[in-house]
Structures are given as C-alpha cells and as structure tokens.
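Please read it alongside the sequence and the 3D view.

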Amino acid sequence: MRWLEVKQTSNISGHVSIPGSKNSSLALLPAAMLTSDKVIIDGIPDIYDVRVIRKIAESIGVEMHLDSGESCVINAANVENAELPIAMTSSFRASYYFVGALLHKCKSVTLGYPGGDNFVDRPIDQHMKVFRSFGAEIIQGHDRYTVIADKLSGCEIYFDMITSGATMNAVLLAVLAEGTTKLRNAATDPEVVDLCNMLNLMGAQIAGAGTDVIRIQGVKKLHGCTYKVIPDRLIASAFLMTVGLTKGTITVHNVIPEHMKSCLYKLQEVGIEIDVKEDSITASCKGIIRATRVRTGMYPIFYTDIQQPMTSLLLMAEGKSIITDPVYPHRFSHVPELNKLGADIKVRSGTALIKGGNMLYGGIVHATDVRAGTCLIMAGLAAEGVTRITGIEHVERGYADIVRLYESAGISIRKCEGDLHRTIADDCEFTPTA
Ligand SMILES: CC(=O)N[C@H]1[C@@H](OP(=O)(O)OP(=O)(O)OC[C@H]2O[C@@H](n3ccc(=O)[nH]c3=O)[C@H](O)[C@@H]2O)O[C@H](CO)[C@@H](O)[C@@H]1O
Ligand SMILES: C=C(OP(=O)(O)O)C(=O)O
C-alpha cells in the first residue's frame with residue numbers, strides 16, 4: 001500500500017515554482033498531432049495523465065519525447081490509424097481530445113469512454129453534439145465509441161452549458177474543417193485560450209478565444225511550432241490557501257495572476273494577505289480566518305477544482321461557512337474524510353455546511369481525486385499528529401513530484417509504502433519512496 005504522510009506544520013516560509021498546467025497540457029499534446037511537422041511544447045508536467053497520453057500516442061505511431069520539466073517534442077508524421085487502446089483511453093478524463101485531434105487525418109477514431117477523477121458522473125453529451133455538428137457519425141459500444149467522418153464541415157454550435165472540454169474539442173475539429181465555425185456560449189477558461197494561442201501559432205485562424213463567441217476559419221494545413229504551456233492555476237491557488245492552515249508566508253512563482261482573480265479576492269475576503277507581482281503572488285497569514293460563502297462556476301467564477309482545498313481552509317474559520325458547487329453538485333467525497341479528522345461538515349444537495357474552528361487530529365484518510373488529495377494534505381498540515389492519505393494514484397494525475405514541490409514551500413510530506421496500519425508513532429519503519 002502507498003500513501004502520503006503529512007505532519008502538523010506551522011509558520012511556513014517558502015517559494016514554489018508552479019509547473020505547467022495539467023488541463024492545458026492534456027489538450028495541447030493531442031493538438032500537436034494536427035500537423036505532420038514537429039511541435040515542441042515547453043513546461044509539460046511529467047504527470048500520470050501525460051504519461052498515458054504518451055503511451056497512447058506511441059501505440060499509433062506518434063513520437064513523443066518528454067525530458068522531465070523540459071520540452072516535449074511531438075511528431076505525428078507517421079500516424080495512420082486511430083484505433084486507440086481502450087483501457088488507456090478510459091483511465092483519464094481528457095482522452096476525448098484525441099477525437100478532435102485525429103478525426104481529420106484518420107477519418108475514424110475509436111476509444112474508450114472517459115475515466116479520470118471519479119467524484120461524479122461526468123457526461124460527454126456536449127462532445128457528442130460537437131462531433132455530430134461537424135458531420136461525424138458516432139457508433140457507441142458498451143466500453144468504447146467510434147467517431148467517423150470522411151469530411152469535417154464548419155458549423156455553428158450553441159453549447160447547452162459552458163464546458164471547457166467540449167469547447168476545446170470543437171476548436172480542434174474546426175481548425176481543419178471546411179469553412180467557418182462559430183462557437184457560442186463557449187468556455188472562456190485560460191486553458192481554452194492557451195489551446196487557441198498554440199493553434200494560431202501553428203497557422204490556424206481562430207478569433208475570439210477568451211470570449212463566449214469563438215470564430216474559426218478552417219485552413220488546409222497546420223505547421224509546427226514551439227510553444228510554452230501556461231502555469232497550473234489550480235496548484236498555485238491551493239498553495240496560496242495553505243498559509244491559512246499553517247500560518248506564515250508562501251510565494252508562488254511562474255503564475256499568471258489574472259487567471260486566479262476569483263480565488264485571490266476570496267482569499268483576501270477570508271483574511272489572507274495577498275501581494276500580487278507580475279508573475280508571482282505572495283500569500284501571508286498571521287491572524288484569524290473569517291467564515292464565508294463560496295459558489296463555484298465556470299471561468300471567471302470561483303473554479304470547482306479549488307472548492308475542495310477551500311473547504312480545508314474554511315475549517316480554520318470561526319463560524320459557519322457554506323460552499324456550493326453547481327458545476328459538480330456531488331463533488332464532496334472529501335467531506336467524510338475531513339470529518340474523520342475532526343471536521344464538522346454536512347452536505348445537503350450540492351452544498352457543504354462547514355462549522356469551522358474544531359481541533360483536527362491526524363488519521364488515515366482516502367483521496368478519491370486529485371483535488372481531494374490536495375485538500376486532505378492541507379487538513380493534515382493543521383491536524384495534530386500524523387495524517388496518512390491513500391489514493392496517491394489520484395494525486396499523481398495532477399502532480400509530477402508532489403514531495404519536492406511541497407518541500408520548496410517549506411512543507412515536509414512523504415510518500416510511503418508498506419503496512420498502512422502500523423502505528424502512526426512508529427515513524428522510522430516507513431520506507432519513503434520519494
Ligand atoms: C482535463 C480538464 O480540463 N479537466 C477540467 C475540465 O473538465 P471538463 O472539460 O470535463 O469539464 P467541463 O468544463 O466540460 O464541465 C463543465 C460542466 O459541464 C457539464 N458537461 C460537460 C460536458 C458535457 O458533455 N456535458 C456536460 O453536462 C459538466 O458536468 C460540468 O457541470 O473542466 C472542469 C470544470 O472546470 C474541471 O473540473 C476539470 O479539471
Ligand atoms: C477534475 C480534474 O481533472 P480531470 O478533469 O482530468 O479529471 C482536476 O484536475 O481537478
């Protein structure tokens with residue numbers, strides 16, 4: 001059994017260089033397959049999902065080399081078919097971008113239904129709507145689906161809800177489709193803009209990215225480029241929140257503060273001091289944390305992916321806080337785990353009612369998704385004694401080297417392997433694996 005081990009920690013002082021965005025990388029890597037030229041992308045994190053993408057790519061003849069923390073070189077000149085490995089494509093969420101990236105070239109793409117963070121049911125009806133809008137036929141099996149199109153025709157799509165994934169998939173299909181595509185009610189997330197920026201550098205004609213109407217004029221061919229992925233705003237936001245649990249100061253470097261505004265304002269509101277520079281943000285906390293209400297939404301509203309870390313932060317507040325997550329109303333699997341550590345949280349129809357101020361005590365808890373992992377690490381830092389967090393594989397989907405990253409923040413956590421139920425005081429028996 002593997003787990004992460006976290007000890008109560010106070011008064012931190014650290015500097016963290018934020019890695020490239022997972023959610024951007026998962027779209028940029030398939031996007032690089034739209035051309036037969038070489039594409040170089042800097043800053044791709046060496047996380048589990050990226051490793052799976054690399055294996056899937058290799059299985060269809062795409063060359064993908066990743067030097068850790070450096071450049072990823074992608075060459076899709078020799079891809080002929082897109083019969084993708086089912087289990088691999090079902091092991092993470094964003095495999096659907098392979099359809100957007102390969103349908104034009106291969107005319108047929110077969111893959112497994114998306115997996116990934118299993119906090120809730122996550123429909124892909126908007127992706128299906130996108131495929132059909134471009135003229136594709138979809139054949140659905142019990143564990144796989146095939147998307148077939150001899151030709152992709154530009155179209156107009158009004159999304160039924162704001163979805164970053166389906167917006168990006170539509171962009172991937174539109175850049176080489178015949179004619180013009182107009183996407184309405186499109187997502188405005190920084191990761192959507194990042195994808196459009198790279199595609200424009202490859203010769204695409206995309207206008208309006210970052211607004212809710214994106215217009216794409218299809219082109220005949222895209223060419224290679226060198227690009228750098230944006231920083232991971234989700235990892236950066238969680239680090240800033242951490243000072244609310246440990247007290248002290250933390251500076252995140254290599255960030256784009258504009259991407260994190262909804263988080264920064266909320267942190268100031270609850271009592272964390274925020275100092276924003278051009279590409280770094282310092283958060284400090286000496287005093288009390290105030291209770292608040294949080295409601296998630298699609299960008300630029302407070303993002304669902306930091307709802308779980310925010311829950312841990314609000315455990316420190318005297319009084320009652322309320323977190324509602326309309327984006328994923330069932331994303332609360334972290335709550336029973338936090339309650340095991342002494343928290344007092346009740347969940348009622350997509351809303352967590354948090355009674356802050358309780359003492360937290362270390363224990364054994366389980367992370368069911370990457371952000372639940374972050375949230376449990378944060379609670380562990382405030383809990384008396386030692387906290388062990390299982391479900392590391394979920395955390396590894398989003399963090400390349402979580403131990404080293406926290407170390408730079410002045411926080412010591414360990415990856416351990418062995419007998420989980422050995423007495424927590426019996427510290428020296430564990431075998432750190434990183
Ligand atoms: C790999 C990646 O980038 N993952 C992020 C992406 O996921 P992902 O792109 O899957 O999430 P979406 O933006 O598509 O989801 C937004 C909302 O639309 C709904 N929806 C989406 C698609 C669809 O076909 N039908 C449908 O009903 C979802 O249930 C959700 O309520 O955005 C989410 C919302 O910010 C984040 O939590 C994920 O970290
Ligand atoms: C939900 C997340 O990721 P994914 O969509 O890849 O499951 C996340 O990063 O918090």
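Helices α8 and α12 cross in a right-handed sense, a crossing being right-handed if the near helix is turned clockwise from the far one by less than a right angle, and left-handed if anticlockwise. The model is predicted, with local features needing pLDDT of at least 70 and side-chain atom pairs counting only at pLDDT 80 or more, while totals for chains, interfaces and linings use all residues. Residues are numbered from 1 along each chain as its sequence is written, and chains are lettered from A and ligands numbered from 1 in the order in which they are written.

The two helices pack at an angle of about 25°, with their axes 9 Å apart; α8 is therefore roughly parallel to α12 (angles under 35 degrees count as such). Axes are lines fitted to C-alpha atoms over the stretch in contact, and angles run from 0 to 180 degrees between N-to-C directions. Residues are in contact if their C-beta atoms, placed from the backbone, lie within 7 Å.

| Helix | Span | Contact residues |
|---|---|---|
| α8 | residues 233-246 | Ala 238, Met 241, Thr 242, Leu 245, Thr 246 |
| α12 | residues 370-382 | Thr 374, Met 378, Leu 381, Ala 382 |

By class, this contact of α8 with α12 has six nonpolar, three polar and no charged residues.

Strand β3 (residues 38-42) runs parallel to β14 and is joined to β14 by three bridges, and Asp 42 stands opposite Lys 228 in β14.

Definitions and conventions:
Helices (H or I, at least four residues) and strands (E, at least two) are DSSP runs, numbered from the N terminus. Angles under 35 degrees count as roughly parallel, over 145 as roughly antiparallel, 65 to 115 as roughly perpendicular and the rest as oblique. Two residues are in contact if their C-beta atoms, placed from the backbone, lie within 7 Å. Ala, Val, Leu, Ile, Met, Phe, Trp, Tyr, Cys and Pro count as nonpolar, Asp, Glu, Lys and Arg as charged, and the others, Gly among them, as polar. Two strands pair if DSSP finds at least two bridges between them.
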